[in-house]
Amino acid sequence: MGFVSLGCPKALVDSERILTRLRAEGYAVAATYRKADLVIVNTCGFIDSAVDESLDAIGEALAENGKVIVTGCLGAQPQKILDRHPQVLKITGPQRYEEVVASVHEHLPPQHEPFLDLIPAQGVKLTPRHYAYLKISEGCNHHCSFCIIPSMRGRLVSRPIGEVLREAEQLARAGVKEILVISQDTSAYGVDLKYAAQPWRNAERSARFYDLAAALGELGVWIRLHYVYPYPHVDEVIQLMADGRVLPYLDIPFQHASARILKLMKRPAAAENTLERIAEWRRAVPDMTIRSTFIVGFPGETEQDFAELLDWLRTAQLDRVGCFEYSPVEGAAANALEQPQVPAEIKQERRARFMELAAQVSAERLARKVGRDMTVLVDRIDGKNAIARSSSDAPEIDGVVRIRAAKGLAVGDWARVQITRADAYDLEAKLSPLV
């Protein structure tokens with residue numbers, strides 16, 4: 001069985017769940033198309049470029065193998081797939097694990113009965129052994145005008161807190177040193193469950209964002225929070241960061257700073273005074289890292305709106321920033337806005353200006369870390385050097401810490417280092433002397 005996983009970390013977790021089930025039933029994973037009897041492609045359909053990438057991946061799998069099952073977000077638009085690739089065996093939408101497994105059974109029947117000891121207790125993971133994603137919910141209750149995720153993945157469905165904490169505990173026992181908490185809206189966790197409590201470690205735990213973060217903080221591993229909307233109750237979690245129970249890191253998709261554009265985007269928490277709250281968070285946790293993503297060129301965005309965004313970024317001093325040019329998505333409410341479209345060349349120019357400022361802010365903030373000692377987690381070895389991450393760096397999307405002359409280190413090791421140099425996004429370091 002071959003597997004192609006595209007899209008965000010949430011889709012990666014879906015892939016892991018499918019693979020865990022199939023491995024438990026005796027299926028093996030092939031490294032190449034030619035060695036596979038069948039290929040599953042887990043697609044992304046969030047923006048047009050992701051749709052194109054998914055359709056290309058399906059085409060490649062068909063050309064190289066011929067037997068392809070398609071799942072994931074693009075599967076919620078089956079006709080779009082069938083128009084290009086009518087020969088696929090089966091199409092399912094996101095989170096349709098049972099349908100995917102049933103289709104595999106139909107086209108590639110299992111050869112023997114399941115043996116649960118074929119897989120480790122933590123399941124099959126597509127990440128390195130030292131970190132893992134923990135998905136706490138599916139879907140989203142918001143209706144941002146540029147997004148079609150709710151129509152693909154449905155409304156918010158939180159996992160029971162006992163189930164989440166048991167999975168996290170299994171990961172920690174298996175040697176995972178960093179758990180990255182993900183969902184579509186992490187800070188809304190438990191709303192649909194009415195915060196129902198369940199027992200874990202001899203105590204009742206409520207299905208609330210704060211209670212979940214506090215409980216995860218008992219595991220003794222790095223806990224990193226992603227996709228957090230800046231609701232007022234997020235302030236409660238800041239104290240957990242100050243106490244060292246979860247990493248001083250927040251991934252908050254602000255998307256813009258202009259109140260007018262945020263209203264057009266229908267963003268939740270758009271009315272919050274984010275600059276004041278960021279300042280309060282940093283007073284409580286001076287080393288806090290804040291990452292975010294933004295959209296430029298949204299319909300109706302004026303030069304004044306964009307200037308407001310730049311001014312906001314200068315004041316906010318965000319550590320890690322990504323920026324995308326607005327791209328219409330089929331089925332999104334933004335397509336019906338009676339607002340002038342921003343020309344492509346202006347979108348490109350605004351993104352370049354935004355990222356230039358973001359690089360300046362990042363360089364200034366990283367330069368302050370030169371000379372400091374910090375603990376890092378090693379991701380890979382590159383000759384005599386090691387590539388690691390600090391508490392400020394999520395895998396794949398943030399910067400790295402390059403450790404020179406890293407003799408004796410291995411992937412997954414903790415290391416104590418001293419920062420020797422900084423550039424716009426990354427740090428260089430040497431091993432700290434033993435005391």
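1. In what follows, angles run from 0 to 180 degrees between N-to-C directions. In this predicted model, helix 4 (residues 97–107) lies across strand 2, strand 3 and strand 4, and its direction is at about 175 degrees to that of strand 3.

2. The strands named in the first point belong to an open sheet of four strands, which follow the order 1-2-3-4 with parallel pairing. Strand 1 (2–5) and strand 4 (90–91) are the edge strands, each pairing on one side only. Helix 1 (residues 9–24) also packs on this sheet, where it touches strand 1, strand 2 and strand 3 (68–72). The direction of helix 1 makes about 165 degrees with that of strand 1.

3. The pairing of strand 1 with strand 2 rests on four bridges, and the two strands run parallel. Within this region, Ser 5 is placed opposite Asn 42 of strand 2.

4. Ile 47 deserves a separate remark. This residue sits in the loop that connects strand 2 (39–43) with helix 2 (48–64). Its relative accessible area is 27%, so Ile 47 is classed as partly exposed, given that buried means under 20% and exposed over 50%. Although Ile 47 and Glu 330 are 283 residues apart along the chain, their C-alpha atoms are separated by 8.4 Å.

5. Strand 15 (residues 373–382) is joined to strand 18 by five bridges, and the two run antiparallel. Val 376 faces Ala 415 of strand 18. Strand 18 is also joined by five bridges to strand 19 (residues 427–431), again in antiparallel fashion. In that pairing Gln 418 stands opposite Lys 430 of strand 19. Strand 18 and strand 19 make up a hairpin, with four residues between them.

6. Which classes of residue make up the lining of the largest cavity: nonpolar, polar or charged? Four of the lining residues are charged, two are polar and one is nonpolar.

Conventions: Residues are numbered from 1 along each chain as its sequence is written. This is a predicted model: local features need pLDDT of at least 70, side-chain atom pairs count only at pLDDT 80 or more; totals for chains, interfaces and linings use all residues. Side-chain values use heavy atoms; hydrogens and water are left out. Buried means under 20% relative accessible area, exposed over 50%, partly exposed in between (1.4 Å probe, protein chains only). Two strands pair if DSSP finds at least two bridges between them. Contact means heavy atoms within 4.5 Å. Ala, Val, Leu, Ile, Met, Phe, Trp, Tyr, Cys and Pro count as nonpolar, Asp, Glu, Lys and Arg as charged, and the others, Gly among them, as polar.
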